[in-house]
Amino acid sequence: MAIVACLLWSSAFVGVKIGLQYHTPFQFAGVRFTLSGLMLFFFFNNYRNYVAQIKEHWRFISLIGLLQTVIQYMFFYSGINLLPASIAALIIGSSPLFISVVSHFSFQNDKMNWLKTMSILLGVVGVAIISLGRSELPSGIKISLLGIALLLANNFVSGFSNVLVAKKPARLAPIVLSSSSLFFGGIGLIIISIPVEGYGVKSFAPEYFIALAWLSFLSAAAFTIWFGLLQRPGVKVSVLNTWKFLVPVAGAILSWMIIPDESPDLVSIAGMSVIASSLLLLNYSNRKGARLERENAKPI
């Protein structure tokens with residue numbers, strides 16, 4: 001299920017590129033997430049229970065909506081507008097490293113060890129190879145320190161919100177949390193976008209509605225899957241988020257399939273091989289940790 005969520009997220013880049021031709025960044029993100037929340041609301045089909053859960057946990061839902069949707073995506077869109085695509089992709093792709101650091105200080109059973117550290121660093125190297133290899137840094141463009149700071153803040157907010165979701169109240173269903181936080185967070189982004197960006201809507205083309213519908217669906221599905229996985233007993237936040245290294249891999253493969261000018265190259269394949277090695281090392285680390293836990297649990 002983690003792989004499914006990552007595959008969904010990897011398909012977002014093309015849709016976002018289409019949508020931003022018609023909408024300002026914050027406004028487009030707000031519309032997208034508001035629709036995502038509504039999709040899940042109608043899918044839930046038990047409105048009395050839905051409203052009861054929101055009333056009981058509205059403070060927690062508001063916090064996740066503020067962090068995961070409003071603040072994180074404001075950092076995300078502001079940061080990528082100040083940086084070359086390759087550098088932005090590299091920083092965003094290294095988010096599992098930052099999430100692991102946050103988890104290390106938040107959970108007793110999710111500490112970093114040398115195998116997990118090596119796995120995550122290998123994943124970051126793989127992302128760097130794919131990101132920098134597929135997009136050369138344009139000459140004459142200065143790297144914006146503000147852009148870097150905003151994307152690093154995006155990574156830390158993502159880590160903090162993942163930790164909060166993992167600790168969420170047991171009676172709050174993942175689908176209710178993702179639906180309500182996306183909806184209210186999306187409304188918040190729309191409200192913020194009007195004084196910040198103005199009302200910059202152009203005439204719409206059919207491709208815009210197709211992109212918006214797909215982005216709304218993938219956000220609804222991916223966040224619900226992810227929140228559900230974070231809630232599962234025994235799932236470690238750092239280990240789960242390491243699977244996000246698949247996002248640039250799947251994104252590269254999709255671009256080869258969809259974009260006419262894109263084709264496989266040795267640099268991208270080398271980066272994918274490094275990421276595959278990092279996931280194999282992570283799997284070995286998990287199996288070793290599980291074996292040690294079973295041995296320690298045996299009566300003496």
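Let's start with Leu 35, which is partly exposed because its relative accessible area is 34%; partly exposed is the band between buried, under 20%, and exposed, over 50%, with a 1.4 Å probe and protein chains only. Leu 35 sits in helix α3. Helices here are DSSP runs of H or I with at least four residues, numbered from the N terminus.

A word on what you're looking at: this is a predicted model, where local features need pLDDT of at least 70 and side-chain atom pairs count only at pLDDT 80 or more, while totals for chains, interfaces and linings use all residues. Residues are numbered from 1 along each chain as its sequence is written, and side-chain values use heavy atoms, leaving out hydrogens and water.

Back to Leu 35. Together with Leu 38, Phe 42 and Tyr 47, Leu 35 makes a nonpolar surface patch of about 360 Å². For such a patch, residues need over 30% relative accessible area and no salt bridge, and nonpolar side chains (Val, Leu, Ile, Met, Phe, Trp, Tyr) are joined within 5 Å, while like charges are joined within 9 Å. A salt bridge would be a side-chain nitrogen of Lys or Arg within 4 Å of a carboxyl oxygen of Asp or Glu. The areas come from the Shrake-Rupley method with a 1.4 Å probe. Which helix gives the largest share of the patch? That's α3, residues 25-44, with 3 residues.

Now to the buried residues. Ile 54, in helix α4 (residues 47-80), is buried, at a relative accessible area of 18%. Ser 180 is 126 residues away from Ile 54 in sequence, yet their C-alpha atoms are 7.7 Å apart. Ala 252, in helix α12 (residues 246-258), counts as buried because its relative accessibility is 0%. From Ala 252 to Met 272 we go 20 residues in sequence and 9.4 Å in space, C-alpha to C-alpha.

Finally, helix packing around α10. Helix α8 (residues 145-166) packs on α10 (residues 206-231) at about 60 degrees, with the axes 8 Å apart. Axes are lines fitted to C-alpha atoms over the stretch in contact, and angles run from 0 to 180 degrees between N-to-C directions. So α8 and α10 are oblique to each other: not under 35 degrees (roughly parallel), over 145 (roughly antiparallel) or 65 to 115 (roughly perpendicular). Helix α2 (residues 12-19) meets α10 at about 140 degrees, with axes 9 Å apart, so α2 is oblique to α10.

Notes
Helices (H or I, at least four residues) and strands (E, at least two) are DSSP runs, numbered from the N terminus.
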